[in-house]
Amino acid sequence: MSVQEYLDKHLLSRKIEDAVNAAVRAKTNDPVLFIANHMLKSVQSVITKVKARQILDSRGIPAVEVELSTNKGTFRASSPSGPSSGMYEATELRDGDKGIYLGNGVTKAVKNINEKISEALIGMDPTLQSQIDQVMLDLDKTEKKGELGANAILAVSIAACKAGAAEKEVPLYKHIADISGGTNTLLPVPSFTVLSGGKHAGNNLAIQEIMVLPVGAKTFEEAVQMGSETYHHLKAVITEKFGVHGCNVGEDGGLAPNISSVKEALDLVMEAIGRTGHNEKIKIAIDVAATEFCIGTKYDLDFKTPNKSGLNFKSGEDMIELYKQLCSDYPIVSVEDPFDKEDWELTKHFSTLQACQVVGDGLLMSNPKRIEKAIQESTCNALLLKINQIGTVTEAIEAVKMAKDAHWGVIVAHRSGETEETFIADLSVGLATGQIKAGAPCRGERLCKYNQLLRIEEELGDQANFAGEGWRVS
């Protein structure tokens, strides 16, 4: 084949001429680089390779990482993981070999990506997120993604989303807004974990987390400053009262002094907030995770305290009175999982009191069927979205739409087993959720989410909108 025949076969003469003309119009000082880039942009991007590997998450437990390539570059993503998999959430695929990583290996999920998912996606347009996700769902064929593994599917879904944004030459958050049908972006109010308890820490505190929400900040950057200052003042307060050993941290970076009383914990946080000088600008949220200490229909607030467990049982009605009192005595604006995950009636009763935002986490498991039921029955009024519980970007978007249509609050959330993945930061902005929960202003796998939000706010400049006092958007 002659050179001219080759040019004619691939229509290169016209493409080269167009590129040269564009370079002339642009008066570029580097025509070779300009023409090369112009030619590259003229080629429709498709997925050319999908490769997965096993990495470790923040707990030292295996996780799935994916590199998805197109002719525009290679895009990396990884799946987070929680301490356990509930019966209503998408299924993580683990190897189960107790002799390797105590059974927590993910080589089966990795193999599924490299041998099955990769073959199915090569040649697809990365901008078609819903089609990519549907191909993986069709390949899996199970309701909970148990064949390929939700950890495998999600990592690929996130990587494809990043590739789609690159193909459109827009920021990831803007691409997410586009594919969700949204028009506005919004920087969320961060829920900073400052005190850890429950199964996240080795102290005697029954509830899982106490968080601070800098709703009075004017920008996300100012909110980060308030959260960081509160955290460090709290560290000083704890050191004064309990010594340096009281400043150990839980899995998500929250401080974990050896206390057992909820009120004692809240008093520590209030003292720290007072020292910041931001008193009225900072509110409090608590994640009770009540399922962890529910025994039958009773709640054992001393379940972690030696020789006291079983002596301080509270009924559901007692817990409602406790929450009412706490919301009255402290600036608490949000309570997560106040009752057992199957106690829909008590959760609904507490929601009707309108004492605060009532968040469904274990109650909902980001499961569309349970979200729909909770909406119909008015069980709670906010969704905690954990993307690994649902398994694809498309399904996560649909879950947020359901919640927003019901005028619920939405919190995009991290997991206890995190990686350096920052996708949830862009997701919260693109879906304009108004709230994000990514742990303490401490530990790299938590801070990378907050740092990404700082970058987004800087990039948006004068167009940046921060949720602030309107944090509970719907």
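The accessible surface of the protein chain comes to about 20,100 Å², and carbon and sulfur atoms hold 50% of it. Keep in mind as you browse that this is a predicted model. The fold brings together 16 helices and 14 strands. With a radius of gyration of 24 Å, close to the 23 Å that the globule rule gives for 474 residues, the chain is as compact as a globular protein of that length.

**The whole chain**

- Along the principal axes, the C-alpha trace spans about 90 × 50 × 45 Å.
- Of the 474 residues in the protein chain, 54% are buried.
- Take the contacts with a separation of 6 or more: 66% of them link residues 24 or more positions apart.

**Helix α16**

- This helix covers residues 444–460, which makes 17 residues.
- From first C-alpha to last, α16 reaches 24 Å, close to the 24 Å expected at 1.5 Å a residue.
- Its buried residues are Glu445, Arg446, Cys448, Lys449, Tyr450, Gln452, Leu453, Ile456, Glu457 and Leu460.
- As background for reading that list, an α-helix has 3.6 residues a turn, so residues three or four places apart point the same way.
- Which elements do the buried residues of α16 pack against? The helices among these partners are α7 (172–180), α8 (220–242) and α15 (423–430), while the strands are β4 (189–196) and β14 (434–439).
- Just after α16 comes Gly461, with a positive phi of about 60 degrees.

- Most residues other than glycine have a negative phi, which makes the next two residues worth a look in your viewer.
- Glu169 has a phi near 55 degrees, a positive value in a residue other than glycine.
- You will find Glu169 in the loop between α6 (150–168) and α7.
- Is Glu169 buried or exposed? Glu169 is exposed, because its relative accessible area of 55% is over the 50% cut-off.
- Gln354 also has a positive phi, near 55 degrees, and is likewise a residue other than glycine.
- The loop that holds Gln354 runs between α11 (344–352) and β11 (357–360).
- Gln354 counts as exposed because its relative accessible area is 70%, over the 50% that the term requires.

**Two buried loop residues**

- Asn367 sits in the loop between β11 and α12 (368–377).
- Although in a loop, Asn367 is buried, with a relative accessible area of 15%, which is under the 20% cut-off.
- Asn367 and Ala90 are 277 residues apart along the chain, and their C-alpha atoms are separated by 8.4 Å.
- Pro441 belongs to the loop between β14 and α16.
- Why is Pro441 called buried? Its relative accessible area is 13%, and buried means under 20%.
- Leaving aside residues up to four places away in sequence, Pro441 touches Phe192, Thr193, Gly227, Ser228, Tyr231 and Leu447.
- Pro441 and Ile158 are 283 residues apart along the chain, with 24 Å between their C-alpha atoms.

Methods:
Residues are numbered from 1 along each chain as its sequence is written. This is a predicted model: local features need pLDDT of at least 70, side-chain atom pairs count only at pLDDT 80 or more; totals for chains, interfaces and linings use all residues. Side-chain values use heavy atoms; hydrogens and water are left out. Helices (H or I, at least four residues) and strands (E, at least two) are DSSP runs, numbered from the N terminus. The radius of gyration is taken over C-alpha atoms; the globule rule is 2.2 Å times the number of residues to the power 0.38. Buried means under 20% relative accessible area, exposed over 50%, partly exposed in between (1.4 Å probe, protein chains only). Contact means heavy atoms within 4.5 Å. Accessible areas come from the Shrake-Rupley method with a 1.4 Å probe; for residues, only the protein chains shown count as cover. The expected span of a helix is 1.5 Å times one less than its number of residues.
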